Amino acid sequence: MRRLRDWLLALVVPRLGKRPPRRSPPRRRIVEGREPNERAELAATLLFLGSAASALAFPFLYAFDVHPLTQLLGLSLGLACVLLAAALIVVGRGVVVTEELAEPYPPPAHEPEQEDIAQLAEESGDSISRKRFLVLAGGAAVGSLGIALVTPAASLGPVLDMDPFFRTTWRRGRRLVDERGTPLRAGAIEEKVFYTAYPEHADREEIGSPLIVVRLDPAELKLPGERQGWAPQGIVAYSKICTHAGCAISLYRVPTFAPVEPKPALVCPCHYSTFDPAAGGSVLFGPAGRPLPQLPLMIDASGELRAGGNYSGAVGPSWWGVRNRKPTP
């Protein structure tokens, strides 16, 4: 019994003598409390979401080349900025509590003032009922606008659709026609003359459509081994699109006195990339990174020029990845 009594006294007495914990007085509010302005919060959220939708429309329009592209791109980006600015104005005036002081803030060098500033920031958000949803909507607007701003970097090279560089309208048997749609005849192709040709019944605006056609002395041809039958009667055809920056090749340099002047060459007037039509379109001079793609030719029974297949390489500038694939017939 004595042991049980001592154990009970040791358990109860210290608790009786223990002082209750001190309770700090309630902290005085700095910012005046007010009820949440749900209408302003809803308006700001809708403006944020509208800004995000407008900004996301920019990469969509850019990727799918919607007509008229330039005006729609400017409209989407401008509308995104306007809606974002309107949302911030609504947040500043109707959602977050604002404070006006007649005297300037004291220098924030002492700890009490720093605590007051932290308390101001904390209490200013007390009147927001949908704080998380509002923050998410604002983050979506800012993030979407950032995506829209970096989207034009895709113009540095093809990103979404690489197929046009490898799949063209040229097929075996398709006739070559001039600007007026008249079929080109092999007998009408003269030496030292530059001809532009297109695929018959095809879209001439596609990057792989325009051709350069010239006639050379068959004895001067030095085509790769697998292309020995691509130039009937010395007539060769190459893509008109320069492999440097996608400009149109429009100059044909021919010697007027062969013993002392350079041999025939195709020249891009923009950056002076120069290609040898007798050697498979190889680069003679300039910044072009690879030869011009050559189109195989054949002559039908009526003497008209027809394509013998697709190009020897990808059409257009030498962006990353262009050299890694072969064109599909």
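Is phenylalanine 194 buried, partly exposed or exposed, and what is its relative accessible area? In this predicted model, phenylalanine 194 is partly exposed, at a relative accessible area of 25%. The residue takes part in an aromatic pair with tyrosine 252. A search of the whole structure returns one such pair. The two ring centres are 6.4 Å apart. The planes stand at 45° to each other, and the pair is classed as tilted. Phenylalanine 194 belongs to the loop between strand E1 (176-177) and strand E2 (195-199). Tyrosine 252 belongs to strand E5 (residues 251-253). The pair therefore ties together parts that are 58 residues apart in sequence. Tyrosine 252 has a relative accessibility of 16%. The cut-off for buried is under 20%, so tyrosine 252 counts as buried.

Packed helices come next. Two packed helices are described by the angle between their axes and the distance between the axes. Helix H2 spans residues 38-64 and helix H3 spans residues 69-95. Their axes come within 8 Å and cross at roughly 160°. Angles over 145 degrees count as roughly antiparallel, and H2 and H3 are therefore roughly antiparallel to each other. The crossing of H2 and H3 is left-handed. By class, the H2 contact with H3 has 24 nonpolar residues, five polar residues and one charged residue.

A charge placed over a ring was also found. Arginine 204 lies over the face of tyrosine 198. The distance from the ring centre is 4.7 Å. Proline 199 is found in strand E2. Proline 199 has a relative accessible area of 1% and is therefore buried. Between proline 199 and arginine 175 there are 6.2 Å in space, C-alpha to C-alpha. In sequence, proline 199 and arginine 175 are 24 residues apart.

Backbone angles were examined next. Histidine 201 has a positive phi of about 55°, although it is not a glycine. Histidine 201 lies in the loop between E2 and strand E3 (211-215). With a relative accessible area of 75%, histidine 201 is exposed. Glutamine 233 has a positive phi as well, of about 60°, and is not a glycine. Glutamine 233 is placed in the loop between E3 and strand E4 (235-239). Its relative accessibility is 48%, so glutamine 233 counts as partly exposed.

Two further contacts in space involve loop residues. Threonine 243 is found in the loop between E4 and E5. At 0% relative accessibility, threonine 243 counts as buried. Threonine 243 and alanine 288 are 45 residues apart in sequence. In space, threonine 243 and alanine 288 are 5.6 Å apart, C-alpha to C-alpha. Glycine 286 is placed in the loop between strand E8 (282-285) and strand E9 (294-295). Glycine 286 has a relative accessible area of 35% and is partly exposed. Glycine 286 and histidine 244 are 42 residues apart in sequence. Their C-alpha atoms are 8.8 Å apart in space.

How values were computed
Residues numbered from 1 in each chain as written. Predicted model: local features only at pLDDT ≥ 70, side-chain atom pairs only at ≥ 80, totals over all residues. Heavy atoms only, no water. Axes fitted to C-alpha atoms, helices over the stretch in contact; angles between N-to-C directions. Helix = DSSP H or I, 4+ residues; strand = E, 2+ residues; numbered from the N terminus. Parallel < 35°, antiparallel > 145°, perpendicular 65-115°, else oblique. Left-handed = near helix turned anticlockwise from the far one by under 90°. Nonpolar A, V, L, I, M, F, W, Y, C, P; charged D, E, K, R; others polar. Phe/Tyr/Trp six-rings, centres within 6.5 Å; stacked < 30°, edge-to-face > 60°. Buried < 20%, exposed > 50% of the residue type's maximum accessible area, 1.4 Å probe, protein only. Lys NZ or Arg CZ within 6 Å of the ring centre and 35° of its normal.
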